[in-house]
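Please look through the sequence and the structure shown here before reading on.

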Amino acid sequence: MSQRSAVYAGFFDPFTLGHLNIVQRSLRLFDHIVVAVAADSPKKAMFTPEERVGIIREVFTKTPQVEVDEFSGLLVEYLHKKKVQILLRGIRTVSDFEYEYQMALANKKLANDIETFFMMTEGEHSYLSSTVIKEIARLGGDIHAMVPAEVIRHVRKKYEAQP
Ligand code: COA
């Protein structure tokens, strides 16, 4: 895989406009982005890893530079497997920084060849989180300004299927 590839990992439960914004802007810098969906979630997930991969693939059907994949285990090992050296992370607020800094240092300790690349989330998306979106959707609120259209359909279906 070319040097200008990066892995953008997360739980993406669900994938938000903030995540989309990071991927779209990063495509100005990288030729290929792997959106890597973490399968081992410590949180109670709304979508299975397979569902999340399927939904994000729908979002990027017209963007061949974006590959969507699932991973489990250590993220740095996944990057080695994909032969990618850049780990892309979005930072929303100052409070994200401490956690991201710790994770970047831990990953560096685990794999010195991997570099973490930080991109600021655009201001209009900095309030978003997957948890907030799930809560709003659960209570019947409007999430149009928060997630891509492909995601809305799946979130609706999920809640309609619930008793
Ligand atoms: N726009 C909107 N929301 C965003 C966002 C953005 N640009 N960036 C992050 N978020 C939200 C996410 O939706 C998530 O919301 P939630 O907590 O309500 O679900 C929250 O911010 C945290 O997301 P993030 O920190 O990006 O990652 P994650 O929690 O989705 O994923 C992994 C973290 C999977 C990358 C990390 O746990 C990992 O690497 N796991 C593999 C195991 C491993 O290697 N561990 C050692 C790491 S040191």
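A residue is called buried when its relative accessible area is under 20%, exposed when it is over 50%, and partly exposed in between, with a 1.4 Å probe and protein chains only. The model is a predicted one, in which local features need pLDDT of at least 70 and side-chain atom pairs count only at pLDDT 80 or more, while totals for chains, interfaces and linings use all residues. Residues are numbered from 1 along each chain as its sequence is written, and side-chain values use heavy atoms, with hydrogens and water left out.

Side chains of opposite charge can pair when their charged atoms come close. Counting as a salt bridge any side-chain nitrogen of Lys or Arg within 4 Å of a carboxyl oxygen of Asp or Glu, the structure holds twelve of them. In one of these, the side chains of Asp31 and Arg4 meet at 3.7 Å, N to O. Asp31 belongs to the loop between helix 1 (17–26) and strand 2 (32–38), and Arg4 to the segment before strand 1 (5–10), so this pair ties together parts that are 27 residues apart in sequence. Here helices (H or I, at least four residues) and strands (E, at least two) are DSSP runs, numbered from the N terminus. Asp31 is partly exposed, at a relative accessible area of 41%, and Arg4 is partly exposed with a value of 41%.

Another salt bridge joins the side chains of Asp13 and Arg52 (3.9 Å, N to O). Because Asp13 lies in the loop between strand 1 and helix 1 and Arg52 in helix 2, the pair ties together parts that are 39 residues apart in sequence. Asp13 and Arg52 are buried, and a network of salt bridges links Asp13, Arg52 and Lys134. Lys108 and Glu115 also form a salt bridge, their closest N and O atoms being 2.9 Å apart; Lys108 is partly exposed at 26% relative accessibility, and Glu115 is partly exposed at 43%.

Helix 2 (residues 49–59) also packs with helix 6 (residues 149–161), at an angle of about 145° and with the axes 8 Å apart. These axes are lines fitted to C-alpha atoms, for helices over the stretch in contact, and angles run from 0 to 180 degrees between N-to-C directions. Helix 2 contributes Glu51, Ile55, Glu58 and Val59 to the contact, and helix 6 contributes Glu150, Val151, Arg153, His154 and Lys158, where contact means heavy atoms within 4.5 Å.
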